[in-house]
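Thanks for making time this morning.

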Amino acid sequence: MKLIEDFSSEGGNMNQTISYQTARRLFFRRVYAFMALALAVTGVTTFLAVKFFAPVLERLIFSSLVGIIVIVLAQFALIFIISRAVSKNSPIVLFWLMLFSILEGIILTPIMYYTSISTIILALLSASALFIVMAIIGLVTKIDVSRWGIILFGTTLALIVVSLLQIFFFHSTVFQLIISWVTVIIFSFWTIYDNRVLSNQFDSAQSYEGLYSLAVSGALSLYLDFINLFLSFIQIFDNR
């Protein structure tokens, strides 16, 4: 794609053709703006929940298996809804992303409640630095990631299974630390992959149609990459 017409909504009803590089820059600016907004919503939600509602949430949701299953299913349901909204170019897809961000903030509440501020800050800085480096690699290089998707999906699924086994059947600080480092590695590659895929999807677009929904979808993927990096670093620094 060499040209994108009417891509930027910032210009109102402008009828002009902008260059590929400008359109690409505007697209990724939008992606990362949506991601930053989602992270901010999650952060504010978690802060308020920790400060005012942590004991209530722990009693009502996180102290029972049923509560945990319900909130996890709600996560997957919202991801499915966002995917459907993206496929239909729904104008309210950003609303669903914000709702997902609020839910994620609630889920993070018990973790943040029992984690020291110094550990949270250190994990946040580490996740941010690593994410930025991996994102730049994904954006500026021409790495062929066509075979990465199935490999990353398989390793992530295996990681989830191993993590569940570790939680319910045996507890080992060393093993948990290994899982955390493996998670950091996997989601570092996910960050490269998601940025590369977004870049390829933008390149294959023929017009601005659907780019808004694609930006929201990309923001969700990158948001999840960052959250997983952040949580992994919390585990790593907590087990020092």
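The lining of the second largest pocket is made up of twelve nonpolar residues, four polar ones and no charged ones, where Ala, Val, Leu, Ile, Met, Phe, Trp, Tyr, Cys and Pro count as nonpolar, Asp, Glu, Lys and Arg as charged, and the others, Gly among them, as polar. Please keep in mind that this is a predicted model, in which local features need pLDDT of at least 70 and side-chain atom pairs count only at pLDDT 80 or more, while totals for chains, interfaces and linings use all residues. Residues are numbered from 1 along each chain as its sequence is written, and side-chain values use heavy atoms, with hydrogens and water left out.

The second largest pocket has a volume of about 410 Å³, a volume being the space filled by probe spheres set on grid points that are joined across faces, edges and corners. Of the 16 residues lining this pocket, Gly43, Thr46, Met112, Ile120 and Phe230 are the closest to its centre; a pocket here is an open set of points on a 1 Å grid over the protein atoms alone, where a 1.4 Å probe fits, with protein on both sides within 12 Å along at least five of seven lines, and lining residues have an atom within 4 Å of a point. Helix 1 gives the largest share of the lining, six residues, helices being DSSP runs (H or I, at least four residues) numbered from the N terminus.

Turning to the helix pair, helix 4 and helix 7 pack at an angle of about 135°, their axes 8 Å apart, with axes fitted to C-alpha atoms over the stretch in contact and angles running from 0 to 180 degrees between N-to-C directions. That angle makes helix 4 oblique to helix 7, since angles under 35 degrees count as roughly parallel, over 145 as roughly antiparallel, 65 to 115 as roughly perpendicular and the rest as oblique.

Technical notes: Helix = DSSP H or I, 4+ residues; strand = E, 2+ residues; numbered from the N terminus.
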